[in-house]
Amino acid sequence: MMTPDEIRERLRAVEDPHLGDDIVSLGLVREIAVDDEAETVQVTLGLGAPYSPTETSIAGRVRDKIDGTGYDIDLTATVDRGVDPEETVLPNVKNIIAVASGKGGVGKSTVAANLAAGLADLGARVGLFDADVYGPNVPQMMGTDDQPQITEDETMLPPVAHGVEIMSMEFLLDESAPAIWRGPMVHKVLTQLWEDVDWGRGGHLDYMVVDLPPGTGDTQLTMLQSIPVSGAVIVTTPQSVALDDAQRGMEMFGEHETPVLGIVENMSTFVCPDCGGRHDIFGSGGGETFAEETDMPFLGSIPLDPAVRTSENPVVLGNDETASAVTEFVETTVDMQGVVHRRRESSQ
Ligand SMILES: Nc1ncnc2c1ncn2[C@@H]1O[C@H](COP(=O)(O)OP(=O)(O)OP(=O)(O)O)[C@@H](O)[C@H]1O
């Protein structure tokens with residue numbers, strides 16, 4: 001026979017590597033219930049980033065601590081996401097990660113597509129929403145030209161590629177409409193994309209990755225106001241101009257109290273396929289220095305690799321050096337989303 005207090009004592013040995021204390025002291029063990037008849041212990045943990053390496057490992061260690069007590073463990077995870085489920089536009093989506101950049105062409109859509117494919121590859125249920133009104137190209141990057149299906153009750157079912165449900169402004173925008181007309185349409189189209197799409201196929205999504213339009217103008221603000229973003233990723237390149245723009249992007253999120261998960265540097269070192277040499281074409285370490293200066297986590301560097309553009313599939317799914325770099329970025333990012341949730345949970 002074990003009491004919840006005895007279980008709690010055992011769980012004091014499980015550390016949260018990011019928050020630097022044990023999960024009991026941090027308040028991340030929400031509930032413990034022992035059912036002697038069913039020989040089961042139910043533990044509810046305050047974890048919010050499913051499939052992130054750190055939270056997977058915390059859950060694994062919790063299991064280890066209960067293994068050998070003669071009880072089965074029934075583990076659940078839940079956090080207060082700071083959003084009222086009644087009021088949110090996407091109640092079935094646990095995390096909404098927005099990918100932003102201060103200016104165009106730095107590889108924001110590439111990063112968004114790889115983040116989504118990488119999260120699905122970890123086992124998560126993922127949606128990818130291409131909100132880039134000015135140049136929606138996510139379906140192409142995911143290697144699909146499927147259109148959404150319309151069901152009898154007039155909801156849209158997103159096409160799926162690499163385990164990711166995809167919706168794009170491209171599906172709804174009239175291609176002949178000049179970009180300048182698109183701004184005012186954004187709100188209407190966005191509303192449709194939230195309300196009329198069956199995300200998660202009647203179930204839920206662990207993550208929705210949103211590819212925001214480049215820049216920090218009204219369109220981006222409208223989007224931030226209409227969706228509860230749980231974390232933002234800022235993409236930059238090593239050039240100083242891109243870094244200045246990234247700074248503006250961060251300020252925009254700051255004003256909206258959106259947690260910034262960190263900075264990723266794209267088009268870093270070029271690994272020459274012919275000579276094997278490494279060349280820092282745009283300089284090096286700019287993103288990391290910028291992250292340090294702004295006190296933001298550095299999420300990783302993605303090399304400049306022609307395969308990123310030419311490959312039919314997101315490069316994260318490959319098994320070369322570029323794939324490892326992108327995987328590292330995906331894992332760090334989702335870990336940082338977990339930190340945001342656990343920190344909030346722990347301070348309550
Ligand atoms: N690391 C990389 N190595 C090589 N090519 C890349 C890399 N990242 C992006 N590209 C290529 O650069 C181009 C621009 O990338 P992408 O469309 O992702 O940028 P963006 O910031 O989303 O642009 P937009 O301003 O259109 O939103 C694409 O052709 C893409 O394939």
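At what angle do helix α2 (residues 53-66) and helix α11 (residues 321-346) pack? The angle is about 65°, and the axes lie 7 Å apart. Axes here are lines fitted to C-alpha atoms, for helices over the stretch in contact, and angles run from 0 to 180 degrees between N-to-C directions. Helices (H or I, at least four residues) and strands (E, at least two) are DSSP runs, numbered from the N terminus.

Before continuing, note that this is a predicted model, in which local features need pLDDT of at least 70, side-chain atom pairs count only at pLDDT 80 or more, and totals for chains, interfaces and linings use all residues. Residues are numbered from 1 along each chain as its sequence is written.

Select Pro53, Thr54 and Glu55 of α2 together with Glu331, Asp335 and Gly338 of α11, which make the contact; two residues are in contact if their C-beta atoms, placed from the backbone, lie within 7 Å.

**The two domains.** Next, colour domain 1 (4-77) and domain 2 (93-339); these bounds come from an automatic or database domain assignment. Their centres, taken over C-alpha atoms, are separated by 33 Å. Domain 1 gives 10 residues to the contact and domain 2 gives 13.

**An annotated span.** Select residues 5-67, where UniProt, in an unreviewed entry, places "domain: MIP18 family-like". UniProt positions are given in the numbering used here, feature names are shortened, and annotations may be inferred rather than shown by experiment. The span is 33% helix and 27% strand, and its end C-alpha atoms lie 16 Å apart.

**Around the ligand.** Now select the ligand and the 19 residues around it, of which Gly104, Gly107, Ser109, Thr110 and Arg309 come nearest. A residue is near a molecule or strand if its C-beta atom, placed from the backbone, lies within 6 Å of it. Two or more residues of this shell come from each of α3 (108-122), β14 (260-271), β16 (298-304) and α10 (306-310). The largest share, 3 residues, belongs to α3.

Finally, select the "binding site" of the unreviewed UniProt entry, which includes Val106 and Gly107. Val106 is found in the loop between β6 (93-101) and α3, and Gly107 lies in the loop between β6 and α3. Are these residues buried or exposed? Val106 counts as buried because it has 23 C-beta neighbours inside 10 Å. Gly107 is buried, with 23 other C-beta atoms within 10 Å. The cut-offs are 20 or more other C-beta atoms within 10 Å for buried, 12 or fewer for exposed, and partly exposed in between, with C-beta atoms placed from the backbone. Leaving aside neighbours within four places in sequence, Gly107 is in contact with Val235, Asn266 and Met267.
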